[in-house]
Amino acid sequence: MSGKSLGLVFFPAFDWAITPAHPEREERLLYTRDQIVEEGLLDLPNIKEFRPRLARLQDAERVHIGVPGLAQLITDAHLVSAGGAITAAEAVMRREVHSAFALVRPPGHHAMRVVHGTRGFCTINIEAVMVEYLRRHYGLNRVAVVDTDVHHGDGTQDVFYHDPDTLFISLHQDGRTLYPGTGAMSELGSPGAFGATVNIPLPPGTTDQGLHVVLDQLVLPMLEDFKPDMIINSAGQDNHYSDPLANMAITAQGYARLTEKLGADIAVLEGGYAIEDALPYVNTGIILAMAGLDYSRVVEPDIARCPRQSETNTRYIAKLVAEWQDIWRRRDELKREAVAKAGDLWQRRRNIYYDDSGIQEQQQETVRQCPFCQGYQTVATQADSRAGGSRSAFAAIIPRQSCGVCRRQAQAAVHNAKQDGRHDHYYLQDKEQDTLEEI
């Protein structure tokens, strides 16, 4: 038997659900588990199963600022899901396996840096918690996260939007046609990290043909240029033609070939809600591809239902690829222009809706542009719930390898905000010291 060693982590989270009949439920993983057991994949010598560990609250607070506190917003299931991703990553870092696939839930890629509740089925960002854990404990620097879920990975984008060392690439159904509505090409990262955010919004009805044009002509060359220390795949399977929550036309073969070409070190399950028709086949194809085994006979029983790509979509995707190739070629020049235009401070205001929690958040974010480090960030946030409650917070974030001036200014910003007394809570997140402190 040939192949590469692969680690698998399963965590179906039997005791966690948004509602009992919600599409994001434990059966998503149970059908996959049944399929791979029936196929005998767990009996193969190069596939090894690992038990998930429990992440610590500190691991999550290395990424998130929960208001009024992250511990009040999550359950142990969230920490096991994040811990499962960490388990997979550690197996790779310790060279116990060549790569690993964490089949865990709850998912995470819609969870942003500031957390008031659950949105898009996500409360903490599983991949981001794993990335920051690896940076803290293994010294990783340049990381690429390729999000292949049908929904834009807005939470992962938000966490890394100011980080030039994280290349975040999201392939998704165009946000003008699907939740969460973001992920336009114009979202490119803040000036100091310009071009490290890459959004590729695809038209509904995109098939394997369009997906692999984007992969071959954009994603793989970008990864080659960026030269990451590690590639992570946010592996959402809801681009499948049978998925009930979206409108794309990808097959299990399309996903498996994507996985083989991408060569991710770690894959982490995100979405995918065709529980019987797609997930067992797509996940089996991904597992075989990651293990370097033949996946050519993984075919859905109803494959005849899969539509063909329209000529209109083929032309649209070709134009999209050409536009992105031009941006990528000129990214250094465009970054210099963005930094010069921003001056000392870059700001943006946003409205963020928590669809699962009924919370409307208004947020103002400010980034100091520093010539010696990544600068620091402040976030002023106000959240109003449909139940009538309201809470606000002000936070300052000190990134890794910050200079002394930025550290002092960030500390002063949060103390000055508390003296003004306009918010309910005040936080200082210090990534250099690995602390989150309520002031």
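## Two domains in one chain

The protein chain splits into domain 1 (6–322) and domain 2 (343–438), with bounds that come from an automatic or database domain assignment. This is a predicted model, in which local features need pLDDT of at least 70 and side-chain atom pairs count only at pLDDT 80 or more, while totals for chains, interfaces and linings use all residues. Residues are numbered from 1 along each chain as its sequence is written, and side-chain values use heavy atoms, with hydrogens and water left out.

## Overall build

Let's start with the whole chain, which has eleven helices and 16 strands. These are DSSP runs numbered from the N terminus: helices are H or I with at least four residues, strands are E with at least two. The radius of gyration is 21 Å, close to the 22 Å that the globule rule gives for 439 residues, so the chain is as compact as a globular protein of that length. Here the radius is taken over C-alpha atoms, and the rule is 2.2 Å times the number of residues to the power 0.38. Along the principal axes, the C-alpha atoms fill a box of roughly 65 × 45 × 45 Å.

## Where the domains meet

The centres of domain 1 and domain 2, taken over C-alpha atoms, are 27 Å apart. In contact across the boundary (heavy atoms within 4.5 Å) are 37 residues of domain 1 and 35 residues of domain 2. Between them, about 2800 Å² is buried, and carbon and sulfur atoms give 48% of that area. Buried area means the accessible area (1.4 Å probe) that two parts lose on being put together, summed over both. On the domain 1 side, I65, H116 and H162 lose the most area to domain 2, together 24% of what that side buries.

Six salt bridges run between the two domains, each a side-chain nitrogen of Lys or Arg within 4 Å of a carboxyl oxygen of Asp or Glu. On the side of domain 1 that touches domain 2, the elements giving two or more residues are α2 (57–61), β3 (65–66), β5 (114–115) and α4 (126–138). Of these, α4 gives the most, with three residues.

## Backbone spots to look at

Most residues other than glycine have a negative phi, and most peptide bonds are trans. The peptide bond from V67 to P68 is cis, with omega near 10°, and P68 sits in the loop between β3 and α3 (76–93). Y179 and P180 are also joined by a cis peptide bond, with omega about 5°; P180 belongs to the loop between β7 (166–173) and β8 (197–202).

R95 is not a glycine, yet has a positive phi of about 60°. You will find R95 in the loop between α3 and β4 (99–104).
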